[in-house]
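Please view the sequence and the structure before reading on.

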Amino acid sequence: MKRINELPLHLSRKSCWSVFCTSTCLWLLLGNCLRGLRAKSCGAILATLYSASLPLQAQPLNARGAATAVTINPAKILVNNFQGWGVSLCWWANVVGGYTNRDEYADLVFNRLKLNIVRYNIGGGENPNGPGTIQFRAIIPGFEPERGVWDWTADRNQRWMLKAALKRGVNRVEAFANSPPYWMTVSGSATGSVGGTNNNLKVACEDDFAVYLAEVVKHLSQMDGVTFDSITPVNEPSSTWWVYGGHQEGCHIDAVQQERLVKLLSTELDRRGLHILVDAPEENDEQSGIDSLKACSPNCLDHIGQISTHSYGANNPEKLSSLADSFHKPLRQTEYGDGDATGMKLARRIRDDLTQLRPISWCYWQGADYAGWGLLFNRLRENGRERFVITEKFHVFEQFTRFLRPGCQIIDCGDTNSVVGYDPASKTLAIVTVNDSSANSQETFDLSSFAPTGNVAECYRTSDDESFQQLKPLAIQRQRLSLAFPPDSVTTCVIEAVK
């Protein structure tokens with residue numbers, strides 16, 4: 001019996017049910033098909049097999065529920081010039097970049113999803129005599145394995161994917177480091193400090209680390225033809241889970257050391273004539289970012305070109321947004337990930353980030369990984385298999401990335417489940433609605449604030465049995481668009497010729 005990473009490429013829940021019905025090993029295959037997906041009771045699964053499938057067209061409102069009129073207000077702009085979507089290359093590209101079918105991964109992630117931003121991880125490089133605990137996919141080679149010894153052949157796989165992304169239309173490259181090279185650390189390991197709460201970058205090596213980062217982006221620009229737009233000196237610097245003997249590179253530094261490092265890095269970039277923004281503090285969540293920014297002196301802020309945040313623990317998005325505005329710095333969301341392969345957590349996070357945090361770009365963590373974390377499923381193990389499965393999460397992401405394009409305005413719609421983008425150049429309006437509940441929902445969108453639009457909307461949906469399914473066109477009547485949303489679904493409606 002096939003395991004999940006041997007199933008056909010476009011795996012959806014519906015295809016799982018089809019295989020299930022024809023298999024003589026019913027329960028075994030069901031367990032494999034549902035691995036990483038939202039759990040359902042056996043009774044609910046069996047009921048699904050015998051029930052009618054959801055209709056493949058957006059349904060008008062009916063007597064079962066009253067419409068909630070939502071007015072889309074083009075005058076209330078949340079993000080004036082959205083700059084696009086991205087993904088980190090750490091760690092998946094470190095493995096996939098060495099596969100024989102690596103072009104397939106690159107085509108799906110950058111062509112199919114239309115991602116235009118990549119985040120390149122400058123590896124620190126672990127101590128060959130260290131704890132040996134870093135997971136295979138997270139062993140990122142460093143470029144200076146010993147003081148003064150440079151290896152510019154390092155990190156071939158991730159660099160291949162970086163160049164492949166640029167060939168497929170990526171127009172923004174962000175660099176970041178998780179740790180200094182091991183020999184610059186207090187613990188002697190790129191995994192973190194003993195206990196996790198102490199600074200792991202030696203004070204005596206602060207300038208060495210700034211030189212290291214500046215030299216890497218300079219040489220990769222020359223050797224690989226990469227133009228870097230920004231660089232983060234340390235990823236999630238105030239976090240205390242970067243502990244010696246951990247499973248990945250990480251480094252805790254406090255606000256005082258971070259300020260020194262930001263200034264040193266800015267100076268080293270200037271010395272090399274590199275017009276690259278220093279990105280800081282790039283914390284795990286908004287409140288941590290707020291705390292770090294408040295600890296910065298005015299002089300330090302002068303060296304910071306942009307502010308980024310991760311949104312794992314979304315806890316104060318409006319405050320961070322207003323703080324970035326007060327500093328006159330662009331705000332970006334640079335990392336989020338979760339283990340929900342259905343993509344519903346991802347959809348909710350995107351919707352809330354774009355309407356509350358209001359960043360000018362949004363990036364996901366892993367292009368490929370296991371346990372629901374990747375947009376593509378692959379275990380990324382040593383001597384592992386090169387095949388992959390397109391997850392439902394991939395299609396959920398697609399509902400956003402293919403329609404809310406760079407240059408669009410994110411505008412208010414007064415609906416806690418939808419995000420709306422208007423492209424002034426193409427005069428296209430895109431409405432993405434998330435129904436992450438277990439019940440059907442219905443909505444009416446009032447378009448009367450716009451000039452008269454066309455008569456129909458193109459609709460696409462990802463749900464329990466639909467994977468980016470194009471639905472039948474939906475009529476727009478009297479400047480209103482009404483439709484129903486099945487449980488656990490993401491629906492995108494696209495309207496053209498909107499003025």
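## Terms and basis

A residue is called buried if its relative accessible area is under 20%, exposed if that area is over 50%, and partly exposed in between, with a 1.4 Å probe and protein chains only. The model is predicted: local features need pLDDT of at least 70, side-chain atom pairs count only at pLDDT 80 or more, and totals for chains, interfaces and linings use all residues. Residues are numbered from 1 along each chain as its sequence is written, and side-chain values use heavy atoms, with hydrogens and water left out.

## Salt bridges around aspartate 224

A salt bridge requires a side-chain nitrogen of Lys or Arg within 4 Å of a carboxyl oxygen of Asp or Glu. The whole structure contains 23 salt bridges. In one of them, arginine 159 joins aspartate 224 through their side chains, at 2.8 Å from N to O. Because arginine 159 belongs to helix α6 (residues 156-167) and aspartate 224 to helix α7 (residues 206-224), this pair ties together parts that are 65 residues apart in sequence. Helices here are DSSP runs of H or I with at least four residues, strands are runs of E with at least two, and both are numbered from the N terminus.

Arginine 159 is buried, at a relative accessible area of 8%, and aspartate 224 is buried too, at 12%. Aspartate 224 also forms a salt bridge with the side chain of lysine 163, at 3.9 Å from N to O. This pair again links distant parts of the chain, aspartate 224 in helix α7 and lysine 163 in helix α6, 61 residues apart. Lysine 163 counts as partly exposed, with a relative accessibility of 33%.

## Further salt bridges

Glutamate 466 and arginine 461 form a salt bridge between their side chains, at 2.9 Å from N to O. Both residues are buried. Elsewhere, a network of salt bridges links Arg119, Arg172, Glu174 and Glu282.

## A sheet of three strands

An open sheet with mixed pairing is formed by 3 strands in the order β1-β16-β20. The edges are β1 (69-71) and β20 (480-485); each has a single partner strand, so one side of each lacks a neighbour in the sheet.

Two strands pair if DSSP finds at least two bridges between them. Strand β1 runs parallel to β16 (residues 441-446), and 3 bridges join the two. Valine 70 has phenylalanine 445 in β16 as its bridge partner.
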